[in-house]
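Here is a short report on one protein model. Take a look at the sequence and the structure before reading on.

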Amino acid sequence: QAHTPLSGKRALVTSGPTHEPIDPVRYIANRSSGKQGHAIAEALARLGAAVTLVSGPTRLPDPPGCAVVAIETAREMLAACEAALPVDIAVCAAAVADWRVAGTSDRKLKKDGGGPPSLSLTENPDILATLSQAGPRRPALVIGFAAETGDVVAYATAKRARKGCDWIVANDVSLGTTTFGGADNTVHVIRADGAEAWPTMGKDAVGARLAEAIAAHFQTPTP
Ligand code: PMT
């Protein structure tokens with residue numbers, strides 16, 4: 001018999017990078033492959049949740065059992081997430097660009113001999129913070145990720161408080177790690193009652209264990 005402790009629950013997962021346009025042909029992006037977010041979406045669906053996966057551009061197939069919404073920019077990701085509400089569970093694993101180019105050009109920027117253009121940046125909306133502070137539409141369980149370089153648990157603990165999410169999954173993205181793009185991940189899961197270090201495992205296994213922790217939370221809510 002299928003193990004479906006999350007049947008009847010709705011989940012929203014964000015995954016992948018965002019692409020922030022400079023002009024019609026160029027964009028700013030990051031090294032996120034979507035592997036971690038997609039694995040979480042698939043694992044939640046396997047446990048019976050109705051999953052909407054909002055994803056930036058990746059090379060991955062759509063995970064089985066999920067409704068996938070493809071977006072490019074942070075602002076599109078926010079709109080797609082808001083359209084997916086209400087949900088019981090939100091997991092924000094996407095590497096959302098903190099900034100976008102202000103005043104993007106409708107025409108391709110030309111090399112006109114006048115030197116390189118200077119780009120000015122403006123702040124993107126914060127999807128995790130918006131979901132965490134969504135008042136009556138707030139998902140019952142909001143989980144963020146924290147990509148840190150050094151002092152991972154301390155920075156992620158502060159990020160959890162600042163953004164207002166319930167749990168935060170911290171991973172080290174320092175130079176030399178393959179957290180962005182690789183097959184494995186080493187995470188600390190931080191809840192109100194402290195941090196739990198998980199051993200290094202495949203991103204699929206991280207997704208499966210996180211989905212089980214979420215299911216256990218709805219069985220017996222933990223802080
Ligand atoms: O995609 P992979 O190659 O598998 O790599 C996985 C990963 C490293 C991208 C993933 O495990 C991860 O850490 N995702 C979060 C990356 C990130 O942007 O971290 P952050 O510390 O900058 O952001 C903190 C949280 O706020 C994240 O939940 C992020 O989704 C969210 N955020 C950030 C900025 C923003 N404008 N909106 C957001 O929602």
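This is a predicted model: local features need pLDDT of at least 70, side-chain atom pairs count only at pLDDT 80 or more; totals for chains, interfaces and linings use all residues.

Start at aspartate 151, in the loop between β9 and α4 (152-163). Aspartate 151 has a positive phi of about 50°, although it is not a glycine. Is aspartate 151 buried or exposed? Aspartate 151 has 11 other C-beta atoms within 10 Å, so it counts as exposed. The cut-off for exposed is 12 or fewer.

Another loop, between α2 (74-84) and β6, holds proline 86. A cis peptide bond joins leucine 85 and proline 86. Its omega is about 0°.

## Around the ligand

Which residues come nearest to the ligand? They are Ser33, Lys35, Gln36, Val96 and Ile127, out of 29 residues around the ligand. By class, this shell has 13 nonpolar, 11 polar and 5 charged residues.

Now look at the helices and strands. α1 (35-46), α3 (127-132) and β9 (141-148) each supply at least two residues of the shell. The most come from β9, which gives 4 residues.

## The nonpolar core

In soluble globular proteins, nonpolar side chains tend to be buried together. Here the largest nonpolar core has 54 residues. Those with the most contacts inside this core are Val13, Ile40, Leu44, Val51, Met77, Ala90 and Ile168. α1 gives the most to this core, with 6 residues.

Take valine 13, in strand β1 (residues 10-15). Valine 13 counts as buried because it has 34 C-beta neighbours inside 10 Å. The cut-off for buried is 20 or more. Not counting residues up to four places away in sequence, valine 13 touches Gly37, Ile40, Ala41, Leu44, Val51, Leu53, Val91 and Ala93. The chain also brings cysteine 66 to a C-alpha separation of 9.8 Å from valine 13, though the two are 53 residues apart along the chain.

Isoleucine 168 is another of the core residues with the most contacts. Leaving out residues up to four places away in sequence, isoleucine 168 touches Gly144, Phe145, Ala146, Ala156, Lys159, Arg160 and Ile190.

## Sites named in the record

The UniProt annotation "binding site", from an unreviewed entry, covers Asp98, Lys108, Pro125, Asp126, Ile127, Leu128, Phe145, Lys159 and Lys163. These positions are spread over 66 residues of sequence. They are also spread in space, up to 37.5 Å between C-alpha atoms.

Two of the annotated residues are aspartates in loops. Aspartate 98 lies between β6 (89-92) and β7 (99-101). Aspartate 98 is partly exposed because it has 13 C-beta neighbours inside 10 Å. Leaving aside neighbours within four places in sequence, aspartate 98 is in contact with Glu123 and Asn124. Aspartate 126 lies in the loop between β8 (121-123) and α3. Aspartate 126 has 18 other C-beta atoms within 10 Å, so it is partly exposed too.

## Helix α5

How far apart are the end C-alpha atoms of helix α5 (residues 203-219)? They are 24 Å apart. At 1.5 Å a residue, the 17 residues of α5 should span 24 Å, so the two values agree.

Which residues of α5 are buried? They are Lys203, Val206, Gly207, Leu210, Ala211, Ile214 and Ala215. An α-helix has 3.6 residues a turn, so residues three or four places apart point the same way.

Terms used
Residues are numbered from 1 along each chain as its sequence is written. A residue is near a molecule or strand if its C-beta atom, placed from the backbone, lies within 6 Å of it. Ala, Val, Leu, Ile, Met, Phe, Trp, Tyr, Cys and Pro count as nonpolar, Asp, Glu, Lys and Arg as charged, and the others, Gly among them, as polar. A nonpolar core is a set of buried Ala, Val, Leu, Ile, Met, Phe, Trp, Tyr and Cys residues joined through C-beta atoms within 7 Å. Two residues are in contact if their C-beta atoms, placed from the backbone, lie within 7 Å. UniProt positions are given in the numbering used here, feature names are shortened, and annotations may be inferred rather than shown by experiment. The expected span of a helix is 1.5 Å times one less than its number of residues.
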